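Hello,

Here is the structure I said I would pass on. My notes follow it.

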Amino acid sequence: MAYPSQLGFQDAASPIMEELMHFHDHALMIVILISTLVFYIIMSTLTTKLTNTHATDAQMIEIIWTVLPAIILILIALPSLRILYLMDEINNPYLTIKALGHQWYWSYEYSDYKDLSFDSYMIQTQELEKGFFRLLDVGNRMVVPMESPIRMLISSEDVLHSWAIPALGVKTDAIPGRLNQTSFTTTHPGLFYGQCSEICGSNHSFMPITVESCPINHFENWVTQTLAS
């Protein structure tokens with residue numbers, strides 16, 4: 001999860017988030033190189049009185065500064081399109097979970113199990129136990145098996161919401177009357193926190209998301225205990 005004074009992304013917990021972080025570093029390096037070159041040219045222009053007629057009127061230079069930006073845009077666009085297709089592709093999901101946004105909490109329905117559904121409310125500050133995080137922990141976590149593709153069906157019952165987990169690289173709008181789809185795969189066990197990323201009302205900041213990733217045998221035990229209770 002995020003920590004105070006953090007400047008970068010959270011540690012990646014899914015393959016898609018790892019790809020997004022690599023693409024971010026790739027694009028940022030290009031931006032730094034371009035910015036450095038432009039800054040150098042500006043400083044050279046301001047600090048010298050020498051001018052070169054070949055630099056102010058040359059067809060070759062015009063070709064270079066037309067073709068070079070096009071090549072740079074291609075170097076940025078191709079990895080971006082690859083990641084977009086990877087994010088939309090869902091093959092043989094191990095589990096399908098429906099997340100429904102309410103004012104102001106989330107409800108989850110495990111479509112592969114009969115009668116496995118629950119509401120997920122934020123734990124109030126006065127009820128927090130030791131080690132829990134204020135405004136992030138919930139009473140009922142969404143439990144998923146690690147290293148298994150999970151398909152999320154996301155919608156809303158009232159207003160616009162947005163189901164977002166930064167560490168998993170997931171952010172999908174919950175729209176009333178529409179069923180959006182996304183997927184993720186956790187690479188290791190742990191707790192991953194998120195919040196509604198849409199301004200959905202006065203209690204917008206108080207409908208967090210907590211995903212618990214665990215081994216498959218622990219997940220099956222949790223399902224059994226939940227259905228029995």
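What does the accessible surface of the protein come to, and how much of it belongs to carbon and sulfur atoms? The total is about 14,400 Å², with 60% belonging to carbon and sulfur atoms; the areas come from the Shrake-Rupley method with a 1.4 Å probe, and for residues only the protein chains shown count as cover.

This is a predicted model, in which local features need pLDDT of at least 70 and side-chain atom pairs count only at pLDDT 80 or more, while totals for chains, interfaces and linings use all residues. Residues are numbered from 1 along each chain as its sequence is written, and side-chain values use heavy atoms, with hydrogens and water left out.

The protein has four helices and ten strands (DSSP runs, numbered from the N terminus: helices are H or I with at least four residues, strands E with at least two). From the N terminus, the order is α-α-α-β-β-β-β-β-β-β-β-β-β-α. The radius of gyration is 24 Å, well over the 17 Å that the globule rule gives for 229 residues, so the protein is more spread out than a compact globule. That radius is taken over C-alpha atoms, and the rule is 2.2 Å times the number of residues to the power 0.38. Along its principal axes, the C-alpha trace spans about 85 × 40 × 35 Å.

Among contacts (heavy atoms within 4.5 Å) between residues at least 6 apart in sequence, 65% join residues at least 24 apart. Leaving aside neighbours within four places in sequence, Met142 is in contact with residues including Ile97, Tyr110, Trp163 and Phe184.

Regards
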